[in-house]
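Here's a quick briefing for anyone meeting this structure for the first time. Have a look at it, then read on for a tour by topic.

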Amino acid sequence: MKRVVVGPFNRVEGDLEVTLDVEGGAVRAARVCSPMYRGFEQLLAGKTPLDALTIVPRVCGICSVAQSAAAARALASAMGLEAPANGRLASDLVRAAESAADHLTHFYLFFMPDFAREAYARRPWFDAVQARFQAVRGSAAAEALEARARLLDLMGLLAGKWPHTLALQPGGTSRAVLPHEKLQLLLTLRAFRAFLERTLYGDALERVAALDDAAALAAWRDARPAGASDFAAFLRVADDLGLERYGRAHDAFMSVGAYGPDGAPWLAPGVYDGALHPLDPASIDEDVSHAWLADDVPRHPAQGVTRPAPDKPGAYTWCKAPRLGGRVVEVGALARQVVAGHPLARDLVARGGGNVLSRVAGRLLELARLVPEMERWVAALAPGEPFCADGALPDEASGVGLVEAARGGLGHWLEVRGGRIHGYQIIAPTTWNFSPRDAGGQPGPLEQALTGLPVGDGEAAVLVQHVVRSFDPCMVCTVH
Amino acid sequence: MPGDSSAGGRLNVLWLQSGGCGGCSMSLLGSKAGDLHRTLAGAGVELLWHPSLSEASGAEALEVWRACADGRTRLDVLCLEGAVLRGPAGTGRFHLAAGTGEPMMAWVRRLAARARQVVAVGTCAAFGGMSSGGGNPADACGLQYEGDAPGGLLGAEWRAPDGLPVVNVAGCPPHPDWMVETLVALGMGALGPADLDRLGRPRAYADQLVHHGCPRNEYYEFKASAHRPSDLGCLMENMGCKATQAHADCNTRLWNGSGSCLRGGFACIDCTAPGFEEPGHPFAATPKVAGIPIALPIDMPKAWFVALAALSKSATPRRVRENAVADHPLVPPGIRTAGRK
């Protein structure tokens, strides 16, 4: 048996190292290491609770708005405060814009460039894919970055700036929209839609969103002429390389539900493992048996603690291992769409579970569904009506904020004592997906997804990269 | 290979990340300077490796680092994004550079010794930033500062071969233009010691105050103040706004099209300054003594401020007074009915 250490992984957010035990040309076991620790949960302790709004976005520069939203929601629940409809819509729009930008960044800048690597030089599609998607030099990056920058104009208007806005407040948002600004928001979304329809999909968003099974997706792919759709180009590569056979994890998918009013979100919460189950956040706990952290038993995050123990034997990461009722679950766009019941996502998972193909397709399916939804939210904004409600925070309180970030469920658990933050625990999406083993030895989703993978030189070596990046990891969030 | 020392005429840039959130890179990607890659290439900037953008991963990436560290590839600019993490107990093990087993702190020290310039991207790399807040659990510091105290990883005396200290493109995050313009200026050989302020920040943006160009200036003039998030009034008196003390051009060089913190309805927290992460008061509240904010506009004598504020408050027009505590203008400016004279 040979032990291979892979890192640094670039084109992921933050620093990541993976150790593979290889035998007979395949991975026998994988250990995922998040090698950086900053201690945000520690540095929040003792602060004025509202300071969390300034501090937690800085956990992560790629999903800072999601962190804001989770903090705002945790504070709102501690204050018993509900945002007016405008505030909710504006906050959803800001969050959706961040997710849409993330999906775009992932596809064009992080994921696709691996197919332009020399390992694939003999494939018939290589020249076209290299010209289009090669890192830095490919023609797609400039177009995608321009579309992304234009989309983020929505942030400038609704949130002041991105990343690290303070516009998301417990009671709504700090930036009301005037009638002419509502039109500007619509025009921004229209420009983004035009890019997606012309370049990414080569088709109307509604037609992509209406694809209802793998056969329909294949037929759609075959109907797109070469060069007319970047998504179809990916699907052809995926078909040729059999990407649906790689990167399967535990096939239990969790979503905390996303967008819209509490109780009736646009994307419903739940757990899906072939059947749909309700989500019980009380059954979440975090195990630190293999993390460089001191603790004795798994704890619910409301009782969670974070104490570094860098010399702990048997530990190999700073990441805790969150489990749902003891189970390993996968989170992300695919999980969201599967739980919410989209027929294409359900069919892809029925055929091959979570894998490199279904995760990427899930992300692009979500993007096609999200933008028309955002257009509806803008239309529903009512200038002149309030955007932010007022409230007071009790000196003794606790609150929970569960939101879906681009990469999956994000939870903040807040406890206030004597008017100060006593406890603050964060479980980020990549904490779920890149968790280490738990006390029972169960590997986390990526560890499982890498197990059995053929590795070697050339195409086999780059497979590891596809599997890792299919999750779109965000390492700075993971251990914060 | 790209960046070979025989290439000549190019600015070889290696970009590393440590104790930060990646937000500086994410902000950079929002650049409106057309095609970011072509803009940088046009200024002679060759990104040897950037964690979010480059193709090379794993062993190939490490080979780029090593070639720079042992002088086989000329390293013109080392950019560090995120703070240096020195903990636990000075070992740097809170950030072991993936695939190397070595603290990132050691890599940064080694590469900085080879680099012709060192650029701290963002307030974490410059001064420690948010990563050094609270009790500073990871023992974070900046490249050449620890808060506002010179020192940091490289030491107060460190200078590049041409005499420049670490260039501190401070901001949490920095505006994309601040990063692009600094790299372009370095590529053109157009950034000298006189172009940096006392804290090593490029004066191109740091010689302005966030207050300049603030759309709430009329509210400021009359001290017509916001009381709640989403109010239109001046954010200085109650909401913790430090725009009158903060060095940056955020309100004349807008963010993401039309934005700035104040345009977004929230206070400037002076994120380009050392120590912004620990203001000594809640971020969104203004500390006061006898009703007067303790931190007054820079360059302004307190007595004058107090006198002028009292006078202007008493002269506040109804329009300004009422709109200050609304989330959209309730009273439009009047229209003169008398004939012109």
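Two strands count as paired if DSSP finds at least two bridges between them. With that in mind, in β7(B) the bridge partner of B:V77 is B:Q117. Keep in mind that this is a predicted model.

**A buried strand in chain B**

- Is strand β3 of chain B buried or exposed? Five of the five residues of this strand (residues 77-81) are buried, so β3(B) is largely enclosed by the rest of the structure.
- Buried here means under 20% relative accessible area.
- In a regular strand, side chains alternate between the two faces of the sheet.
- B:V77, B:C79 and B:E81 point one way from β3(B), while B:L78 and B:L80 point the other way.
- Strand β1 of chain B (residues 11-17) runs parallel to β3(B), and five bridges join the two. Within that pairing, B:L14 stands opposite B:L78.
- β3(B) is also joined by five bridges to strand β7 of chain B (residues 117-121), again in parallel.

- Strands of a sheet pair through backbone hydrogen bonds, either parallel or antiparallel.
- In chain A, three strands make an open sheet in the order β6-β7-β8, with antiparallel pairing. Its edge strands are β6 (253-255) and β8 (276-277) of chain A, each of which pairs on one side only.
- Three bridges hold the antiparallel pairing of β6(A) with strand β7 of chain A (residues 270-272). Here A:M254 sits opposite A:V271 in β7(A).

**Aromatic rings**

- How many aromatic pairs turn up over all chains? A search of the whole structure finds 25.
- Take A:Y37 and B:F94: their ring centres are 5.1 Å apart and their planes are at 35°, so this pair is tilted. The pair crosses between chains, from A:Y37 in the loop between β3 (26-33) and α1 (40-44) of chain A to B:F94 in the loop between β4 (84-85) and β5 (96-97) of chain B.
- A:Y37 is buried, with a relative accessible area of 1%, and B:F94 is buried too, at 3%.
- Another pair is A:F107 with A:Y108: the centres are 5.1 Å apart and the planes are at 85°, so this one is edge-to-face.
- A:F107 has a relative accessible area of 1% and is buried, and A:Y108 counts as buried at 3%.
- Ring pairs also link A:F107 and A:Y108 into a cluster with A:F111, A:F115, A:Y120, A:W125, A:F133, A:F195 and A:F234.

**Charges over rings**

- A:R359 lies over the face of A:F471, 3.9 Å from the ring centre.
- In chain B, B:R110 lies over the face of B:W107, at 4.5 Å from the ring centre.

**Salt bridges**

- The count comes to 56 salt bridges over all chains.
- A:D21 and A:R31 meet through their side chains in one of them, at 3.2 Å from N to O. A:D21 lies in strand β2 of chain A (residues 17-23) and A:R31 in strand β3 of chain A, so the pair ties together parts that are 10 residues apart in sequence.
- Of these two partners, A:D21 is buried at 5% relative accessible area, whereas A:R31 is partly exposed at 25%.
- A:R28 forms a salt bridge with A:E23, and their closest N and O atoms are 3.8 Å apart. A:R28 is partly exposed at 45%, and A:E23 is partly exposed at 39%.
- A:D296 and A:R299 make a salt bridge at 3.0 Å, N to O. A:D296 is exposed, with a relative accessible area of 62%, while A:R299 counts as partly exposed at 25%.
- Salt bridges that share partners join A:R193, A:E197, A:E206 and A:E375 into one network.

**A nonpolar patch on chain B**

- Which residues make the nonpolar surface patch of about 360 Å²? They are B:W304, B:L308 and B:L311.
- B:W304 is found in helix α9 of chain B (residues 302-314).
- B:W304 counts as exposed because its relative accessibility is 55%, and the cut-off for exposed is over 50%.

How values were computed:
Residues are numbered from 1 along each chain as its sequence is written. Chains are lettered from A and ligands numbered from 1 in the order in which they are written. This is a predicted model: local features need pLDDT of at least 70, side-chain atom pairs count only at pLDDT 80 or more; totals for chains, interfaces and linings use all residues. Side-chain values use heavy atoms; hydrogens and water are left out. Buried means under 20% relative accessible area, exposed over 50%, partly exposed in between (1.4 Å probe, protein chains only). Helices (H or I, at least four residues) and strands (E, at least two) are DSSP runs, numbered from the N terminus. Patches are made of residues with over 30% relative accessible area and no salt bridge: like charges are joined within 9 Å, nonpolar side chains (Val, Leu, Ile, Met, Phe, Trp, Tyr) within 5 Å. Accessible areas come from the Shrake-Rupley method with a 1.4 Å probe; for residues, only the protein chains shown count as cover. A salt bridge is a side-chain nitrogen of Lys or Arg within 4 Å of a carboxyl oxygen of Asp or Glu. Rings of Phe, Tyr and Trp (its six-membered ring) pair if their centres lie within 6.5 Å; planes under 30 degrees apart count as stacked, over 60 as edge-to-face and the rest as tilted. A charge sits over a ring if NZ of Lys or CZ of Arg is within 6 Å of the ring centre and within 35 degrees of the ring normal.
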